[in-house]
Amino acid sequence: MTTTPPRAERHHLADALSAIEYCYEQGWTDGLPVVPPTEDRVAAMLDYVGVAPAQVVGRNLVRDRTATAEKVAVNAVMAGCRIEYFPVVLAIVEAMTDDAYNLHGSSISTGGSAPLVICNGPLTRELGINSGVNLFGPGNRANATIGRTVRLLILNVFGGTPGVLDKSCFGHPGKYTYCIAEDEANSPWTPFHVERGFKREESTVTIMAMEGPHQVNVAGPSDPEVILSAVADTMRGTGTMLASGPSVGEYVVIFSPELRRILHGKGCDKESIRQYLATHAGRTAEYLKKHGLLLGAPEPSDATKWVPTVRSAEGIFVLTGGGDAGPFTICIPPWGRGLNSKAVTRAVRPPARSKA
């Protein structure tokens, strides 16, 4: 990290309601009211992590935009974050401004994607980031406001204004907030961040440019092959941008506790699940061409030519989460087949106060 001036501009409003309306007038909101980012609220965030306001957290070189710690704190306050969430937010900004993520491309695409944030590690549980019931739904402050901060930063710092720079045809509900945690505490499987090379006791965030979640309801599950074949069928049917071949990016699959218990009880681990899905999720080239999902006219050899949904098993991220009731799975395809964006994981640094 380096430092650079200047600090954020100051605005003086009569009261909180005036400040909220002023933010609407300036186009600084996602459509919902924001918490006025007063100097004391922003200073409290920065003090918690012990970072100078002008310290650079990340840059979008395509747009020549810089996210200083102060700008990040301003948007975190506006989103409604508690100060304890700020270390997580800083790690997300570092990840989303990594070139591999492609912040600019994923933010402006007509195809539509949203930045999915996956939180792992002990801090996730300490902050109460939801990994259970209603995983993608409302009702949890940490999930709602951390994810919302990402959107406000894209809007206010990186210039991703809907209809101006953001040209998404249909948009994406996850553009309001798209933040979850993995249910590590109740899972017998290796946590996602450990698979990504981090220690179990570390806390991390992973950001991915992803389409919306597709829910799979597995009827009468008891056999792993029944469960996984239903998931593979959904993966092959998500119709996601197969126009020139299989996904080269990362595909997320999340198993509910009920299905996780069945799979684990039958000896399945994350790796065996990945291998099954990579082998069975796909279509013939003939099918894809007939349905406009692969370019060109069908040829005789296409009837037996298999096109996998993902290029390799390593491209399938298996997670656990969701409520305890129900044989459900979530499939989340990557934006644009993952051609131009890769998942980026960053460790969350402990706050300055905890170091004392």
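A residue counts as buried when its relative accessible area is under 20%. By that cut-off, 11 of the 11 residues of helix H4, which spans residues 86–96, are buried, so the helix is largely enclosed by the rest of the structure. The model described here is a predicted one.

Aromatic side chains give another way into the structure, which holds four aromatic pairs. One of them joins tryptophan 189 and phenylalanine 255: their ring centres lie 6.4 Å apart and their planes stand at 85°, over the 60 degrees required, so the pair is edge-to-face. The two residues come from distant parts of the chain, 66 residues apart. Tryptophan 189 sits in the loop between strand E4 (179–181) and helix H8 (192–195), while phenylalanine 255 belongs to strand E7, residues 251–255. Tryptophan 189 has a relative accessible area of 6%, and therefore counts as buried. For phenylalanine 255 the value is 0%, so this residue is buried too.

Another aromatic pair is made by phenylalanine 192 and phenylalanine 317. Here the centres are 5.1 Å apart and the angle between the planes is 55°, which makes the pair tilted. This pair also links distant parts of the chain, with phenylalanine 192 in helix H8 and phenylalanine 317 in strand E10 (residues 316–320), 125 residues apart. Both phenylalanine 192 and phenylalanine 317 are buried.

The charged end of arginine 283 sits over the ring of tyrosine 287, at 4.3 Å from the ring centre.

Charged side chains meet one another as well: a search of the whole structure finds 17 salt bridges. In one of these, glutamate 39 is paired with arginine 10, and their closest N and O atoms are 3.2 Å apart. The bridge links distant parts of the chain, since glutamate 39 lies in helix H2 (residues 39–49) and arginine 10 in the segment before helix H1 (16–26), 29 residues apart. Glutamate 39 has 53% relative accessibility and therefore counts as exposed. Arginine 10, with a relative accessible area of 31%, is partly exposed.

Other salt bridges lie within a single helix. Aspartate 233 and arginine 236 form one, with 2.9 Å between their closest N and O atoms. Both residues belong to helix H9 (residues 224–237) and are three residues apart, about one turn of the helix. Aspartate 233 is partly exposed at 41% relative accessibility, whereas arginine 236 is buried at 17%.

The side chains of glutamate 271 and arginine 274 meet with an N to O distance of 3.1 Å. Because these residues are three apart in H11, about one helical turn separates them. Glutamate 271 counts as partly exposed, at 33% relative accessibility, and arginine 274 as buried, at 11%. The bridge is part of a network: salt bridges with shared partners join Glu182, Glu195, Lys270, Glu271 and Arg274.

What remains is the space between the atoms. The largest pocket has a volume of about 900 Å³. Its lining is made of 29 residues, and Glu9, His11, Trp28, Pro37 and Val74 lie nearest the centre. H1, H2 and helix H3 (69–79) are the elements that give two or more residues to this lining. By type, the lining of the largest pocket divides into 16 nonpolar, five polar and eight charged residues.

The second largest pocket has a volume of about 290 Å³. It is lined by 18 residues, with Gln215, Gly322, Gly323, Phe328 and Ile330 nearest its centre. Two or more residues of this lining come from each of E7 and strand E11 (328–332). Strand E11 gives the most, with three residues. The lining of the second largest pocket has nine nonpolar residues, nine polar and no charged.

Technical notes: Residues are numbered from 1 along each chain as its sequence is written. This is a predicted model: local features need pLDDT of at least 70, side-chain atom pairs count only at pLDDT 80 or more; totals for chains, interfaces and linings use all residues. Side-chain values use heavy atoms; hydrogens and water are left out. Rings of Phe, Tyr and Trp (its six-membered ring) pair if their centres lie within 6.5 Å; planes under 30 degrees apart count as stacked, over 60 as edge-to-face and the rest as tilted. Helices (H or I, at least four residues) and strands (E, at least two) are DSSP runs, numbered from the N terminus. Buried means under 20% relative accessible area, exposed over 50%, partly exposed in between (1.4 Å probe, protein chains only). A charge sits over a ring if NZ of Lys or CZ of Arg is within 6 Å of the ring centre and within 35 degrees of the ring normal. A salt bridge is a side-chain nitrogen of Lys or Arg within 4 Å of a carboxyl oxygen of Asp or Glu. On a 1 Å grid over the protein atoms alone, a cavity is a set of points where a 1.4 Å probe fits but cannot get out, and a pocket is an open set with protein on both sides within 12 Å along at least five of seven lines; lining residues have an atom within 4 Å of a point. Grid points are joined across faces, edges and corners, and a volume is the space filled by probe spheres set on the points. Ala, Val, Leu, Ile, Met, Phe, Trp, Tyr, Cys and Pro count as nonpolar, Asp, Glu, Lys and Arg as charged, and the others, Gly among them, as polar.
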